[in-house]
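Me: Please examine closely the interface between the two chains, and state the criteria behind each value.

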Number of protein chains: 2
Amino acid sequence: MTTVPAAAGDPSKEQAVVFTRIRLADRFDVPNIHRLIHQMAEFELLTNLFSATESSLTSTLFPSPPLPPFRSFTILILELSHSPIPKSADDDDSNLGFRPILGRIVLKSTVVDPESSTFASPRGNGLVVAGFLLCFPNYSSFMGLPGIYVEDIFVREAWRRLGMGKMMLAAVAGEAARLGCGRVEWCVLDWNENAIAFYNGMGAEVLPQWRICRLTGEELSKFAVD
Amino acid sequence: MTTVPAAAGDPSKEQAVVFTRIRLADRFDVPNIHRLIHQMAEFELLTNLFSATESSLTSTLFPSPPLPPFRSFTILILELSHSPIPKSADDDDSNLGFRPILGRIVLKSTVVDPESSTFASPRGNGLVVAGFLLCFPNYSSFMGLPGIYVEDIFVREAWRRLGMGKMMLAAVAGEAARLGCGRVEWCVLDWNENAIAFYNGMGAEVLPQWRICRLTGEELSKFAVD
């Protein structure tokens, strides 16, 4: 772990720092994305619903040529490094219309990431993938404006409670504001009080009365028409 | 109102019938769509959130050239006629990849529609617009498959409780099944027991634990980045 001098006034102490980058995913990220989605299914005790394959993810999320980000299904990848991440590595993503967001997080204690080799970034340079966010456009008819819906925010266990989820959500909110979107929406489980307090603190409203209806599997197939 | 002979066994009675068509909306439908959305805001007691204009709807929902339906924001229009709607009028929509769905509904009593001239269809032929549905793609990462999210289903007051909302929802479900989508989702208010019972009857599951989080207005603007 890289260490940097602490703030003036306590020069004897050093603080552990991790450098972060949020960038657009591409096809080369699919193996990591597939593993992250599976971990998310395990976390939510919903592996029975997990049927994604690397092939299905590639064909549905990464068309050739790529679509502009935030206008269709979009995945952001959160990468970490022990050393500062050079800006020069961002050129590919900037061409697609999203400038990677660099940051750093001061750690209160050392983080052990037992999965760091499994989640090595395809971009190399010792970067490790720590999480992802999946979003796509939605629409507010009352406003007559597009918005962005965040389907998934996931950070691997070793890196939780460090503000990384918020970094990704803020990246989307910033992009939504820049694009003139009317709103950003996502879902939370009603018993997840920590998450709800956290989202409220970001300025989000949790809508108490709306429930999601879902038609899937055989019940959906019944509606197939010739 | 057109009348047709009743079923054999009671030849003395005639039944009122209305003929229906579900088709893709286009730019010429925007004035009607704008009025329908405003009625929906009134119905939900949310006119304070209504800021859509014909101009914002046109520019955000109807790009030139049009995108394929169900791959981006998509509006279906429900039209009614007192007489059978000829199939020949469907050519335009078929070219875009959605074949209009024709139907008929036997009415138990005469329907008076005081707004029929306000909601005349731009397609002429005495067609009247009775409602609309707005949907767009969403994505299930567990399935690794796109789905369809239905943002709005609205039928004007005169034509409610006749199954027209279900006709539009079934049209989307049929298209979703045909396109290989993993699921169709929409939202319902938790106190709307009739709607919940109706959706359950269609085979849909109402998810009890998820809540929608929304970041909008000034709280969203704060995230704008340079």
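Reply: A salt bridge here is a side-chain nitrogen of Lys or Arg within 4 Å of a carboxyl oxygen of Asp or Glu. The model is predicted, so local features need pLDDT of at least 70 and side-chain atom pairs count only at pLDDT 80 or more, whereas totals for chains, interfaces and linings use all residues. Residues are numbered from 1 along each chain as its sequence is written, chains are lettered from A and ligands numbered from 1 in the order in which they are written, and side-chain values use heavy atoms, with hydrogens and water left out.

By that rule, 6 salt bridges cross the interface of chain B and chain A; one of them links the side chains of A:Arg183 and B:Glu151, at 3.1 Å from N to O. By class, the side of chain B that touches chain A comprises 42 nonpolar, 13 polar and 10 charged residues (nonpolar: Ala, Val, Leu, Ile, Met, Phe, Trp, Tyr, Cys and Pro; charged: Asp, Glu, Lys and Arg; polar: the others, Gly among them).

In contact terms (heavy atoms within 4.5 Å), 65 residues of chain B meet 65 residues of chain A. The two chains bury about 6,400 Å² between them, 63% of it on carbon and sulfur atoms; this is the accessible area (1.4 Å probe) lost on putting the two parts together, summed over both.

Chain B is superposed on chain A by a rotation of 180 degrees with 0.0 Å of shift along its axis, at RMSD 0.0 Å (least squares on C-alpha atoms of residues with pLDDT of at least 70 in both copies). This is the relation of a two-fold axis. In chain B, the C-alpha of B:Arg211 is nearest the axis, 3.4 Å from it.
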